[in-house]
Amino acid sequence: MINKEQNIAVEHKKGPLMIIAGAGTGKTFVLTKRIAHIISKEWAKSDEILAMTFTEKAALEMKERVEKELGGGYYDLNISTFHGFCDRFLRDEGLYIGLDTGYQIVTDTQRNVLFKKHLFDFELEDLVPINKPYANLNKILSFFDRLADYDITPDIYLERVEMIKSSHQDEDIDEVEAQENYRFYKRLGNAYKKWEEIRIENSMLTFADLISFTLKTLREKPSVKAKYNKLFKYVLVDEFQDTNTSQAKLIEELTNSDQNITVVGDDDQSIYMFRGASIENILDFTKTYPKAKKVVLNKNYRSRQEILDLAYESIQFNNPKRLEIQEDVQKKLIASNEEMLKLKGQAVSIFNVKNTTSEAEIIAKKILQLKEEGVGYDDMAILYRSESHCSQVLQHLRHYNVPFKFQGKKGIFSRPEVRDLISMLRVLADTNRDESFFDILAMESFEIDSQDILKIFACAKSLRINPYQVAQRLSFQDEANLPKQIVSLNSKLDQRTLESIQLIIEQFKKFSEMLKQELPVSQIVYEFINFSKIFKLLTDENNSDPLAYYKVQNVSKFLNTVLEFEQSSEYGNIFQVIDYIDSSIDAGESPSDEDDLLEDLDAVNLLTAHRSKGLEFDHVFVINMVDGRFPLTRGGRGEIDIPLQLHGGDVDQEVDLKEMKIHEERRLFYVAATRAKKSLYLTIPKRIIGNKTDSKPSRFLAELEENISFTNEESETQIDSNGKADTDVFVETSDDRTGELDSDTNREIYLNEDFAKKLSYSAMSTYENCPWQFRYSKVYGLRGAESHVFSYGSSIHAAMQYFYKNQIRYHGGEKDFEAQLTLKELLALLDRHWIVAGYLSLDHMKARKKKAKEVLTEFYEKRYSVEDRVVKVEEYFEVSVGDIVVNGMIDRIDMIEGGKVKVVDYKTGSVKKDKKDMAKYENQVALYSMALEKVGYEVGKAELYFVEEDEIVEIEDFEGRKEELVPWIEGIAKDIREYKFEPNPGFNCHYCSFNQICDHSTV
């Protein structure tokens, strides 16, 4: 049911619209309804609407909701994150500003590695001490990132820095100090500009660059701006309060003169200032768009009124810098959920407790009480301002066997299943890493008794050698030449231990040989995964570990991390890989573990208040409500200040930074409180364990003291716990409160995703060849050892893709581009996009690269013509077959006679003569034809170009295949949804990436 205010927002036709949507008022519901309404009323086609949000998950959810609202059919919806949109934009339009459109988007760690490489080129002596050159690395890069967030480009910066030079003329400014500041910021400005040049030269862009370079293109190329202004008739932005200055400016550039811009947001939930978000964007929206219509959504469908009242009373202390005051609107939330309105009893409880130990025990016991009353663990959440504040709570939850999900920042590098792989690399690089060797010996698959491991380490200590050397000697068979301590140890160890140690040492010898042959580190990681049977143990059908699927995903992510590093660093050696991992850990940038996979697990949620945004729970505990913790009042991270002269006119010159931070902290408390549906518990420990003085209650509660009541709760119980706060997940599988989780439950909980919802042609072919292989790659998300065949083919594809992009521009009438690129330029594209992974050695890679250049030279001389009317390259498509979305990528589309198009598919393998193989190609092109028809093309021809053999094969019978294609797709989807994953061993096993871990493999 849609309410009056929501309906007004949905049906607004023309001009700017600001939807002020309070917590739990259905903002996503309204936004998706509005998009569907615009399409159904034919105010714009689906591809003429641009909707942007901040997370891939939110974008996918919005897209699915719109499609459901519209019913059947295919809709070309432009719903994405800001960065996703800008990435697609720059791949298409970056050529205009001289950008290599095959750039790599780098992580913070990859960015740091590149910056370190050029550190002494920046002439930043003030910030680069010789004894600790990397000491200020993060400060410098954070400064540059914040400049980008504020839409301050290097050129603008260098213009504005001259204002600092003349600032000594202002009163109360010392001339010497002003000149010193000028020189300091001038050097930073020169470094900022050089840093941009280095990234462009290396084709490595940060996420901030995606926004900056998109703005640069729109501003410098009026024809591109006009094209996008014409294309997008409606622009919609979710969570507008979280945008930074550059993102807000981007929205302005994309919005045409009709100003059909819709923003949805809530200034009271703006909590990302530390990421560059600017609350001024939403507060000043009506200044930017004076004709904007305002719609306020204040009917809350989540929480009880008492919870909403407390949050509202608190946020009033941020007045007058709120929309409610500035726009003269009513934002007080009104409880409108019938279930919540019927509830009796206390909704908000505030506990004064003796200390953080008492706080933790009271929370644990309250959770058990709620569980006894029928509340699911997953319906409860414990929120805190910082991860370091929850260690006591974690210990008590473990003590009382309460299952919990602690989704920390440390990501996969702290997970045991990944830590074992890192330990293997550390030992391979340095056998003196005793703690890492201990991790390896303790792995489940080797079945080494813990007492035996201790005996090995004790022996190493007595001999004054490392435990790895003891293991080497234990695996040496000639007892006559062994120290007596080793011989004695040999007799004391279990036979299984001795066998495992021998296998481990032999495997490490093999790894050392692989390093000498310059094989990729990723290949060694994959070999160790096979050798230690990590995947086999976790994917075993009889595995009753409820987190098995979760662990498999983490292992796969780690392997992908190593592969991606190798691809970006041109054959990085083991020391570079370890340094990269260590740098990632230091930067707090471990790839995130698969939090989404834990959603259905019945366990208490532990989250920072920031991470709770967008979530809701029946019962919420907000802990450590004391000054210094919530609000967090400690100083900043010692960042480099951005002087007001550099901001230009973009900020309030009278801003009070301290007040801004307290306002943000209060908004964060507002967010935390409004996550609760049925009950909110706030705890105030009088003493933080470890502190010498008592704490004061949070000012956010002290401000409300007249209107709230406190309960004094004490607990004298003391418990010992060996728990640590970096544990991500704790599940007591044998306790009566959670029940036994067998392999079927594991499947239901973790494999409940609809894997047939979106399928590519290659995925369906994989399933047809071997459903078991599909299970490994798609269900478990495993990435097999990188294949040199795949790397070789992808490199050639990429070179040809970017080569033809120039020609598309030329034939499109864009005279900025040459009519014909040279062979030299084509080969340079191959160098730039060459993928290094998967080759058997460095010599093997060089030989294949030489061959690839020969292949492209022959293509250029024999097949390439500037007259070919190429209209699309690497064209992504989606086509609906019932409730299945089939997607893929078409290598090349040419315009031919009669207004039809020709599909060209590149093949780097050998020409197939078998009819069965050709039938697969016909099916593939039939799918391409179906997809192209949806967007107005008619396929007249289809060709397979076997580039290595320089042979073109025309596909004849692809139209006749369409009728057979639909039931084939539906049949495969049906089998996948029924979890039919039977192995199909045979010849294909030789080419399967998982042949070493699959029990059914014939290899």
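1. Strands here are DSSP runs of E with at least two residues, helices are runs of H or I with at least four residues, and both are numbered from the N terminus. Four bridges join β2 to β6 (residues 234-237), and the two run parallel; strands count as paired if DSSP finds at least two bridges between them. β2 also pairs with strand β3 (residues 78-81), again in the parallel sense and over four bridges, and there Thr 53 stands opposite Thr 81.

2. Before you go further, a word on the model: it is predicted, local features need pLDDT of at least 70, side-chain atom pairs count only at pLDDT 80 or more, and totals for chains, interfaces and linings use all residues. Residues are numbered from 1 along each chain as its sequence is written, and side-chain values use heavy atoms, with hydrogens and water left out.

3. How much of strand β2 (residues 49-53) is buried? Five of its five residues are, so the strand is largely enclosed by the rest of the structure. Buried means under 20% relative accessible area, exposed over 50%, and partly exposed in between, with a 1.4 Å probe and protein chains only. Ile 49, Ala 51 and Thr 53 are buried on one side of β2, and Leu 50 and Met 52 on the other.

4. For the overall picture, the protein has 39 helices and 24 strands, and 56% of its 1003 residues count as buried. Of the contacts (heavy atoms within 4.5 Å) between residues at least 6 apart in sequence, 79% join residues at least 24 apart. The protein exposes about 45,400 Å², of which carbon and sulfur atoms supply 46%; these areas come from the Shrake-Rupley method with a 1.4 Å probe.

5. Have a look at helix α20 (residues 434-441), where Ser 436, Phe 437, Ile 440 and Leu 441 are buried. These residues cover an arc of only 140 degrees around the axis, which puts them on the same side of α20; the arc is taken from the directions from the helix axis to the C-beta atoms. The cover over the buried residues of α20 includes α19 (416-429), α21 (450-463) and α24 (495-516).

6. Helix α6 (residues 137-149) is another one to inspect: 10 of its 13 residues are buried, so α6 is largely enclosed by the rest of the structure. Among the buried ones are Leu 137, Phe 143, Arg 146 and Asp 149. At 1.5 Å a residue (times one less than the number of residues), α6 should span 18 Å, and its end C-alpha atoms are 18 Å apart, which agrees. Just after α6, Asp 151 takes a positive phi of about 60 degrees.

7. Which residues touch the most other members of the largest nonpolar core? Met 424, Leu 425 and Phe 558 do, in a core of 111 residues. A nonpolar core is a set of buried Ala, Val, Leu, Ile, Met, Phe, Trp, Tyr and Cys residues joined through side-chain atoms within 4.5 Å. Apart from this core lies another, of 40 residues, including Ala 23, Leu 310, Tyr 670 and Leu 682.

8. Finally, Leu 759 sits in strand β19 (residues 758-760) and counts as buried at 2% relative accessibility. Its C-alpha atom is separated by 8.4 Å from that of Gly 888, 129 residues apart along the chain. Not counting residues up to four places away in sequence, Leu 759 touches residues including Phe 774, Val 886 and Ile 976.
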